[in-house]
Amino acid sequence: MGLGDTVVILGAGQRGLGAVIAAKSVGASKVIITGLEKDQHKLALAQELGADHAVVVDGPDAVDIVEFVGDVTHGAMADVAVELTPMAAGPVNDALRSVRHGGTVVLAGLKGGGRSPW
């Protein structure tokens with residue numbers, strides 16, 4: 001990761017907050033994190049940890065993250081998208097749509113509720 005890289009982190013839980021720290025520590029120039037309206041305190045903490053933008057993606061003030069990334073990057077889109085949300089499938093689509101052609105998408109969110117066969 002270089003100094004010009006933009007990273008989008010979908011999910012403001014513990015792993016999302018850790019991803020903010022990790023992205024900044026390896027030189028990401030712009031870190032955008034998403035969360036729910038009820039996660040305002042987590043989004044504020046993310047900004048204290050180095051996130052440049054904290055975006056609410058539900059409720060009356062919801063922001064379309066794909067449009068937001070396009071606006072912030074002047075159409076270049078993110079270099080890396082890290083999807084860390086539990087259960088919801090929509091953020092997977094947002095991760096795929098918010099990253100540039102040839103960028104990296106990490107799908108690490110826990111999906112489904114079934115038991116592992118292991």
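## A parallel sheet, its helices and a pocket

Strand 1 (residues 6-10) and strand 4 (residues 78-83) pair in the parallel sense over four bridges, where two strands count as paired if DSSP finds at least two bridges between them. Within this pairing, I9 has V82 of strand 4 as its bridge partner. This is a predicted model, in which local features need pLDDT of at least 70 and side-chain atom pairs count only at pLDDT 80 or more, while totals for chains, interfaces and linings use all residues. Residues are numbered from 1 along each chain as its sequence is written, and side-chain values use heavy atoms, with hydrogens and water left out.

The two strands belong to an open sheet of five, ordered 3-2-1-4-5 with parallel pairing. Strand 3 (53-56) and strand 5 (99-107) stand at the edges with a single partner strand each, so one side of each lacks a neighbour in the sheet. On average, neighbouring strands of this sheet are turned by 20° against each other, direction ignored; axes here are lines fitted to C-alpha atoms, for helices over the stretch in contact, and angles run from 0 to 180 degrees between N-to-C directions.

Helix 1 lies across strand 1 and strand 2 and runs at about 175° to strand 2. Helix 3 (residues 65-72) also packs on the sheet, touching strand 1, strand 2, strand 3 and strand 4 (contact means heavy atoms within 4.5 Å), and its direction makes about 165° with that of strand 2.

In the whole protein chain there are four helices and five strands, taken as DSSP runs numbered from the N terminus (helices H or I, at least four residues; strands E, at least two). From the N terminus on, these elements follow the order β-α-β-α-β-α-β-α-β.

The largest pocket holds about 340 Å³ of space. A pocket is an open set of points on a 1 Å grid over the protein atoms alone, where a 1.4 Å probe fits, with protein on both sides within 12 Å along at least five of seven lines; lining residues have an atom within 4 Å of a point. Its volume is the space filled by probe spheres set on the points, which are joined across faces, edges and corners. The lining comprises 21 residues, of which G11, A12, L36, T85 and P86 lie nearest the centre of the pocket. Helix 1 (14-25), strand 2 (30-35) and helix 4 (90-98) each supply at least two residues of this lining.
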